[in-house]
Amino acid sequence: MANYLAQFQTIKSSSDRIVIAVEDVSDLWLNVKDSFEQRLPVKKACLNNKARNPVLVENLPAEFIQTTDSRLRSRFPQEQYLFWFREPYATVVLVTCEDLDEFKTILKPRLKLIVQNDEREWFIVFVSKAHPSNDQATKMAKKVYARLEADFNTKKRER
């Protein structure tokens with residue numbers, strides 16, 4: 001019981017913002033974390049309420065938490081009911097890939113597994129490690145991005 005009380009106190013103090021889970025497939029989070037957090041709070045966010053009607057939120061505070069963080073991983077069923085408001089609203093999947101073969105054999109199957117098992121909203125963020133002056137690497141990164149876009153975008157929503 002004391003464990004739940006301590007956990008509730010920590011969660012209560014941070015319940016004024018939504019949680020966005022970060023699935024770091026390519027070990028990019030440390031490189032992009034500051035850029036993501038500089039854009040907080042999210043301004044003019046359009047969310048759906050319980051009746052599925054769009055609601056405009058002027059400033060939406062958010063917190064990015066990696067999916068490997070114990071705050072997301074140690075959820076027992078009874079905790080999920082108590083702390084439903086701390087569940088992630090969406091998942092951002094960070095990826096990089098510089099080769100089409102690697103994309104087809106390694107990255108694509110892994111991404112499919114991630115998005116199929118995630119009942120939340122999900123977004124894929126592609127980060128190119130190609131140096132801008134390296135035309136060959138930049139072209140390959142663009143090809144990988146195009147393939148990623150073709151495979152994971154839907155008619156309903158750009159992912």
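The protein chain contains 6 helices and 6 strands. The model is a predicted one. Of the 159 residues in the chain, 31% count as buried. The accessible surface of the protein chain comes to about 11100 Å², and 53% of this surface belongs to carbon and sulfur atoms. When contacts between residues at least 6 apart in sequence are considered, 70% of them join residues at least 24 apart.

An open sheet is formed by 4 strands in the order β4-β1-β5-β6, with parallel pairing. Strands β4 (62-66) and β6 are the edge strands, as each pairs on one side only. From one strand to the next, the twist averages 25 degrees. Within the sheet, strand β1 (residues 18-24) pairs with β5 in the parallel sense over 5 bridges. Ile-20 has Ala-90 as its bridge partner in β5. Two helices that pack on this sheet are described next. Helix α5 touches β1, β5 and β6, and its direction makes about 175 degrees with that of β5. Helix α6 touches β5 and β6, and its direction makes about 165 degrees with that of β6.

Helix α6 (residues 135-152) has 18 residues. From its first C-alpha to its last, α6 reaches 26 Å, close to the 26 Å expected at 1.5 Å a residue. The residues Ala-141, Val-144, Leu-148 and Phe-152 of α6 are buried. These residues lie on the same side of α6, because they cover an arc of only 60 degrees around the axis. The cover over the buried residues of α6 includes β5, α5 (100-116) and β6 (121-126). On the face of α6 turned away from its buried side are the exposed residues Asp-135, Gln-136, Lys-139, Lys-142 and Ala-150.

Pro-88 is found in the loop between α4 (77-82) and β5 (90-95). Pro-88 has a relative accessible area of 7% and therefore counts as buried, the cut-off for this class being under 20%. Leaving aside residues up to four places away in sequence, Pro-88 touches Val-19, Ala-21, Leu-72 and Arg-120. For one of these residues, Ala-21, the separation from Pro-88 is 67 residues in sequence and 5.7 Å in space, C-alpha to C-alpha.

Technical notes
Residues are numbered from 1 along each chain as its sequence is written. This is a predicted model: local features need pLDDT of at least 70, side-chain atom pairs count only at pLDDT 80 or more; totals for chains, interfaces and linings use all residues. Side-chain values use heavy atoms; hydrogens and water are left out. Buried means under 20% relative accessible area, exposed over 50%, partly exposed in between (1.4 Å probe, protein chains only). Contact means heavy atoms within 4.5 Å. The expected span of a helix is 1.5 Å times one less than its number of residues. The arc is that of the directions from the helix axis to the C-beta atoms. Accessible areas come from the Shrake-Rupley method with a 1.4 Å probe; for residues, only the protein chains shown count as cover. Two strands pair if DSSP finds at least two bridges between them. Axes are lines fitted to C-alpha atoms, for helices over the stretch in contact, and angles run from 0 to 180 degrees between N-to-C directions.
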